[in-house]
Amino acid sequence: MSVQEAHRTAVAAQAGKPLSVVRALHELGLRRSEFDLAVLLGHVRTTVDADGSHRRVAREEVDRLQAADRNQETLRERVRTVGTTDAQLMDISPVRFGKLARAGYITPVTFYLNRYRAVVWLYLAEELQEFATRQPGLLTGRTPPKMRAVLDAGEDRRARNWRSRRLSLLTRQTQDPWEQAAITSSVLDPVQLAEVVDDPYERAYLNKLRPGLVERHGESPAAREAMDRLLLADDPDEILWQRVSLALLLDEAREDRAAPRPETGRPLPPPHSETSQGLRAWLRRKKASRDPAAS
């Protein structure tokens with residue numbers, strides 16, 4: 001083989017090789033936070049190495065996105081996030097924006113902790129503009145009775161709605177029933193988890209598969225504590241809803257395969273326990289009454 005042929009072969013092999021995340025986000029003109037959000041929202045398809053160590057992006061995927069967005073503006077706009085101070089996007093005051101968010105009319109897509117460890121919620125700009133177009137009557141004027149009732153009760157649904165959205169987005173990224181159960185289990189504290197999953201080997205397997213709801217990079221103990229409070233379900237309706245969801249997912253996971261366990265000869269738990277049967281009945285009743293926690 002000549003030098004030229006060898007070079008062409010090497011170039012062709014490199015062209016078909018999946019790209020690293022760093023290379024892909026550079027070619028797509030995205031910051032890392034924008035890329036991660038684009039992946040989570042399903043705008044960018046990725047793969048994982050066989051050993052699960054690195055995430056990759058196929059060359060064809062990058063080419064597809066670049067062909068659809070020559071100026072690299074559309075994808076960046078779809079993942080653009082704004083906070084309360086950007087309420088002018090909806091042509092309303094920051095105060096009204098805050099009311100809509102606390103009452104659960106708009107859902108955050110991410111957050112960060114500022115220097116004072118206060119939570120700063122961020123929203124997709126695209127969704128806010130769509131909401132303003134769809135619900136102009138909620139942007140000004142008297143506060144609707146339903147919204148006023150939520151606010152007068154002191155409720156703040158931002159964290160709960162963010163957790164629900166995050167779980168949904170993460171669950172969509174896998175078809176494995178045990179991984180889906182592990183994702184849902186991540187918002188329940190150890191006591192709640194043990195009440196739903198009484199088998200210690202199943203709990204250990206869920207903990208092994210459980211992903212982080214957010215990226216954790218060297219936070220201070222105080223910041224870690226503040227963030228941990230956001231990651232666990234804290235509203236009674238939300239806790240019950242996630243317990244139900246976990247019980248149902250656990251039923252499906254057990255039917256798919258048993259959790260790894262030592263060879264002790266101990267019998268496996270039944271695929272449908274009394275607890276999960278009761279929770280399924282509760283779920284049917286809640287769905288029939290269109291429970292707000294499910295929305």
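I take buried to mean under 20% relative accessible area, and I keep in mind throughout that this is a predicted model.

**Entry on helix α10.** I looked up helix α10, which covers residues 177-185, and found that 8 of its 9 residues are buried, so that the helix is mostly covered. The buried residues are P177, W178, Q180, A181, A182, I183, T184 and S185. I then asked which helices these buried residues of α10 pack against, and I noted α9, α11 (190-196), α12 (200-209) and α14 (236-256). At the start of α10 I found a side-chain oxygen of D176 that comes to within 3.1 Å of the backbone nitrogen of W178.

**Entry on R158.** Is R158 buried or exposed? With a relative accessibility of 18%, R158 counts as buried, because the cut-off is under 20%. Setting aside neighbours within four places in sequence, I listed A101, R102, P108, W121 and Y123 as the residues in contact with R158.

**Entry on the sheet.** I next followed the open sheet, in which 3 strands run in the order β1-β3-β2 with antiparallel pairing. β1 (19-20) and β2 (47-48) stand at the edges with a single partner strand each, which means that one side of each has no neighbour in the sheet. For β1 and β3 (residues 55-57), I noted antiparallel pairing over 2 bridges, and I found L19 standing opposite V57 in β3.

Note on methods. Residues numbered from 1 in each chain as written. Predicted model: local features only at pLDDT ≥ 70, side-chain atom pairs only at ≥ 80, totals over all residues. Heavy atoms only, no water. Buried < 20%, exposed > 50% of the residue type's maximum accessible area, 1.4 Å probe, protein only. Contact = heavy atoms within 4.5 Å. Pairing = 2+ DSSP bridges. Helix = DSSP H or I, 4+ residues; strand = E, 2+ residues; numbered from the N terminus. Polar contact = N/O pair within 3.5 Å; in protein donor to acceptor, adjacent residues only side chain to side chain.
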